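Subject: Structure handed over, with notes

Dear colleague,

Please find the structure below, together with its sequence. The notes that follow set out what was found in it, and I would ask you to read them with the structure open.

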Amino acid sequence: MSPPRLKALVVDDEDELRRPVERILTQRGHEVAGFADAESAWEAYQRDGHQLVLLDWMLPGMSGLDLCRRIRALPDGPPSVIVILTGRAGPEDLQAVLDAGADDYISKPVELALLHVRLTIAERRAQELTSLSEAIRRIALLEEQSGARSAFQGLVGGSAPMQQVYQRLRLAAQSDVTVLLTGASGTGKELGARALHALSVRREKPFIAVNCSAIPDTLLESELFGHVRGAFTGAIRDKVGLFQSADGGTLFLDEIGDVSPLLQVKLLRVLQEHEVRRVGDERPTKVDVRIVGATNRDLRRLLASGDLREDFYFRIRVFEIHLPSISERRSDVPALANHFLAELSRGAKKEPRGVTQDALRLLMEYSWPGNVRELRNAIEYGLVTSQGAPIGPDDLPPELREAAIEPTDLPVPAQDAGAEPDERKRILQALDASGGNRNEAAKRLGISRVTLWKRLRRLGLQSSESQGPVKE
C-alpha cells in the first residue's frame with residue numbers, strides 16, 4: 001500500500017543532497033517544494049503549509065533550527081512532522097534538535113536505506129497528525145451544528161426550561177445568596193453549581209464539591225469542619241476542613257437533604273455566623289464561603305416528617321433553581337447527544353461519525369429515567385459498539401431498543417383485564433417481593449423494566465406505596 005500523498009518541504013543549500021531527496025519524495029508520491037535557504041522556505045510554508053519538512057541544520061542566514069522554532073511557534077499552523085538533517089551527532093546537538101521542536105533527525109552523510117526507513121516513519125506520523133487534525137475539525141463542526149452555541153458554562157440545551165435555568169444562574173451569580181439546586185438524579189446539578197461559581201466574583205477561588213449522602217455523619221462533620229489532634233480516636237494530627245479549604249470560594253453540598261438534624265444545626269451556624277468550629281476545638285474560625293446545596297428529594301416532605309429542620313430548610317433555599325429532567329426538555333436531546341458524542345470522541349481520540357436519524361428517533365422517544373447522565377452513558381455505549389461508524393439503533397443500549405418495540409401501554413393480561421386495582425396490587429406485590437428492585441420486579445411480572453416503569457407512571461404509583469424502597 002502506497003503512503004498517502006503529502007505536501008513535503010526540503011530545505012538544504014547543498015544541491016547534490018537536496019535534489020536526490022526531492023526526487024525520492026516525488027517517487028514516493030508526494031508534492032515536493034525545495035529551497036536552498038530558510039527565509040524562502042518560511043515564506044512557502046506560511047503560504048502553503050507542509051505536512052512533512054526536512055531541514056538542514058546549517059543554512060545561510062536563518063538556521064534550520066531557527067526555522068523549526070518558527071514553525072512550531074505558529075498558533076494555528078498545520079500539523080507538520082519535522083526532520084533535521086545534520087552532520088552533528090553529539091548528545092548536546094541531538095538535545096538541541098529536540099528542544100527546537102523537531103520530531104526526528106537524520107545524520108549526514110545520508111544513507112539511502114536509512115532515509116527510506118526514516119521517511120516511512122515520518123509519513124506515518126504525518127498521516128496520524130493530519131487525521132487527528134481533521135477529527136478535531138469535525139468535532140468542532142459537530143459541536144457547532146449540535147447547538148453547542150446554546151451551551152452555557154458546561155450546561156447544554158436551548159429549550160425554554162434551560163434558558164430559564166441560565167437566567168436564574170446569572171441572577172444568582174450577582175450576589176452571595178445561598179442557592180439550592182433541585183431536580184431529579186442525573187439532571188446536572190453539579191454542572192449548575194460549577195456554572196454559578198464560574199460566573200461569580202469567586203471564580204478565581206476554590207470550588208469544592210462533597211456528596212453528603214456518601215459520607216457517614218460522624219466523618220462528614222470532620223470533613224466539613226476539620227478537627228484538632230486528639231479530638232477522637234484516630235485523630236493523630238490537626239485537619240483542615242472543607243469550609244476552610246474553600247475559603248473565598250464555593251462549597252457545593254450535594255444531597256444536602258440527607259444531612260442529619262444534628263449536623264444541620266452546625267451548618268446553620270456557618271450560614272448565619274460565617275464561622276466554623278473544628279471538632280475538639282473551642283475557638284471558632286471565620287470563613288468566607290458561598291454554599292450551594294443540591295438535592296433530588298422533596299424537602300417539604302422531609303420537613304413534614306421532622307427529618308429536616310424548618311430554620312435550616314428556609315436558610316438553604318433562599319434562591320432555588322430547578323434543573324429540568326429530559327422529559328421537561330425533550331427538544332434538547334439532539335443537542336445533548338451530539339455534544340456528548342463530540343466530547344467522548346475527543347477523549348477517545350476517535351473521529352465522530354454522527355448519529356443516524358433512526359437512532360436519534362429512539363433517543364427522542366425514550367423516557368430517560370436517568371436523565372442527562374443516562375443519555376451520556378448511552379452515547380458512550382454507542383461510540384464503542386458502532387466501531388467507527390455512525391451510531392445506529394442497534395448500537396444503542398438494549399433498554400432503548402426494548403422500549404422502541406413496545407406499545408406505549410401494553411394490555412393487561414387477560415385475567416387482569418379491566419381490573420386496574422388488581423394490576424396495582426400485582427405490581428406492588430412484585431416490588432415488595434423483590435425488595436423494591438425494579439429489574440427483579442419486572443422479571444417476576446414477565447415484562448421489561450421499561451414496561452414496568454410505564455405502568456408505574458400510568459397507575460400513578462410511587463415508591464412510597466410499596467413496603468420496601470424502589471431500587472434500580
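The model is a predicted one, in which local features need pLDDT of at least 70 and side-chain atom pairs count only at pLDDT 80 or more, while totals for chains, interfaces and linings use all residues. Residues are numbered from 1 along each chain as its sequence is written, and side-chain values use heavy atoms, with hydrogens and water left out.

Two or more lining residues come from each of α7 (189-199), α13 (333-348) and α15 (371-385); helices (H or I, at least four residues) and strands (E, at least two) are DSSP runs, numbered from the N terminus. The lining divides into 8 nonpolar, 8 polar and 8 charged residues. Here Ala, Val, Leu, Ile, Met, Phe, Trp, Tyr, Cys and Pro count as nonpolar, Asp, Glu, Lys and Arg as charged, and the others, Gly among them, as polar.

The chain as a whole

The chain has 19 helices and 14 strands. Of its 472 residues, 46% count as buried, a term that means under 20% relative accessible area (1.4 Å probe, protein chains only).

The sheet with β6

Five strands form an open sheet in the order β7-β10-β13-β6-β14, with parallel pairing; two strands pair if DSSP finds at least two bridges between them. Because β7 (207-211) and β14 (319-322) stand at the edges with a single partner strand each, one side of each is left without a neighbour in the sheet. Neighbouring strands are turned by 20° against each other on average, direction ignored. Angles run from 0 to 180 degrees between N-to-C directions, and axes are lines fitted to C-alpha atoms, for helices over the stretch in contact. Within this sheet, β6 (residues 179-182) and β13 (residues 290-295) are parallel and share 4 bridges, and L180 stands opposite G293 in β13. Helix α6 (residues 160-173) packs on the sheet and touches β6, β13 and β14, its direction making about 155° with that of β14. Contact means heavy atoms within 4.5 Å.

The sheet with β3

Another open sheet of 5 strands has the order β2-β1-β3-β4-β5, again with parallel pairing. Its edge strands, β2 (31-35) and β5 (104-107), each pair on one side only, and the twist averages 15° from one strand to the next.

How many of the residues of β3 are buried? The count is 5 of 5, with L52, L54 and D56 on one side and V53 and L55 on the other. Strand β3 runs parallel to β1, joined by 4 bridges, and L9 stands opposite V53. Strand β3 is also parallel to β4, with 5 bridges, and D56 stands opposite L85 in β4. Helix α2 (residues 38-48) lies across β1 (7-11), β2 and β3 (52-56), at about 170° to β1.

Yours sincerely

Key:
Buried means under 20% relative accessible area, exposed over 50%, partly exposed in between (1.4 Å probe, protein chains only).
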